[in-house]
Amino acid sequence: MGIFQEAQKYIVGGVNSPVRAFKSVGGEPPFIKKGKGAYIWDIDNNKYLDFIQSWGPLIFGHCDEEIEEAIIKAVKNGVSFGAPTPLEVELAKEVLELFPHLDLIRFVNSGTEATMSAIRLARGYTGKDNIIKFEGCYHGHSDSLLVSAGSGAATFGTPSSPGVPKDFTKHTLLAKYNDIESVKKCFENGDVGCVIIEPIAGNMSLVPADKEFLNELRDLCNHYGAVLIFDEVMSGFRASLRGSYDIYEIEADIVTFGKVIGGGMPVGAFAGKKEIMEKLSPVGPVYQAGTLSGNPVAMAAGLAQIKKLKSNPEIYKSLEKKATKLMSKFSDISKENEIDFQYNMVGSMFGFFFNSVKPKNFDDVNKSDTKKYAKFHNEMLKRGFYFAPSAYETGFICTPMNDNDIDNTINAFRKIVECIRG
Ligand SMILES: *Cc1c(COP(=O)(O)O)cnc(C)c1O
């Protein structure tokens, strides 16, 4: 019996997060033994160039020495206290220093917790229950966010998962990404406490928002007295040091973080203006808590990574250069072979679509050829290139990935392109 079969005997579906089961691309997931730099090895000693990097957190690749040392040092002092430690204060300072519009932060253990808590806080602050989210944006798996469009956009959502009461999702309005008219319609339904958006959407492959659209969104939130939440769990410290802020210079009221902020350990955070954040317990009445929140080992990892990013801000340019080379060559090769191919990249993030038009929203993304993506995935994996097992995910470049790695990936793509065309 293979380990995936054994895993399924004990763990639901053999995995602890569904995308890992490879359902949308077929085949079996390799079980990973170790990673170093840009590479991972599975238990059969197959080596892969890793474009997932734990879904974003490992911007310096696997087993970065400074981060590893910081973790080991923290472990030796005790792994958890459930009491405040100086590491939390230091990480809070390092993060807030980057964002002049964010005054206070709260650390949690995952991106899901960060967005869920940010929404509760926004509702508590405004006293308004309705929220607006966008089709194709993912904000974790809390009840009010597991929503799909009802009939037509700009309507109240319906649960996208059994177990989510309709009564919860009736407060979630769904708008279309990059479509300000759909947002206006949602606001006209009234009682909107907050808008949550990925300003650089990384969960429908990669679709950055238009600057004009985000500016209008900011204006609408001001006009209606709604809290604007930028979910930068993926884009924070990934798209650039300050995430979307460096790119759009738009000030959200609350920003959520995850992934990179934990240096590979389970950390999430939400930060915002003082006036809003002080509504949070123990200062204010909006309840939020966590036994392991601010865990010293996790904080040490996050702190080492954020400090390293802050002292090496030039890495984003070189990461983007590599992403650009990868994507533009994939595009050239596809064109030569009459395959529709579109791509986006922002900093170290990249996304591509087997699609004749460049997607602006979720409907566009859904017109991409996912069968082609599955073939791409299978063939690249066989050749030692580990891409996301779903056409709806973003890819990541890490600093140890060198030009040779990128060239090898391009050459492999050239070899499999016939097979993708089918
Ligand atoms: C990954 C992600 C989340 C959820 O974070 P988890 O740590 O998986 O709970 C939320 N929002 C965005 C934008 C994400 O990419």
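Helix H11 is followed by Glu 338, whose phi is positive, near 55°. Helices (H or I, at least four residues) and strands (E, at least two) are DSSP runs numbered from the N terminus. This is a predicted model, in which local features need pLDDT of at least 70 and side-chain atom pairs count only at pLDDT 80 or more, while totals for chains, interfaces and linings use all residues. Residues are numbered from 1 along each chain as its sequence is written, and side-chain values use heavy atoms, with hydrogens and water left out.

**Helix H11**
- H11 (residues 315-336) has 22 residues and reaches 32 Å from its first C-alpha to its last, close to the 32 Å expected at 1.5 Å a residue, taken as 1.5 Å times one less than the number of residues.
- Its buried residues (under 20% relative accessible area, 1.4 Å probe, protein chains only) include Tyr 316, Leu 326 and Phe 330.
- The buried residues of H11 pack against helices H10, H13 and H14 and strands S15 and S16, where contact means heavy atoms within 4.5 Å.

**Aromatic pairs**
- The structure holds 29 aromatic pairs, defined as rings of Phe, Tyr and Trp (its six-membered ring) with centres within 6.5 Å; planes under 30 degrees apart count as stacked, over 60 as edge-to-face and the rest as tilted.
- Phe 99 and Phe 257 form a tilted pair, 5.5 Å centre to centre with 40° between the planes.
- Phe 99 lies in the loop between H3 and S4 and Phe 257 in strand S13, so the pair ties together parts that are 158 residues apart in sequence.
- Both Phe 99 and Phe 257 are buried.
- Ring pairs link a cluster that includes Phe 51, Phe 330 and Phe 413.

Note on methods
Buried < 20%, exposed > 50% of the residue type's maximum accessible area, 1.4 Å probe, protein only.
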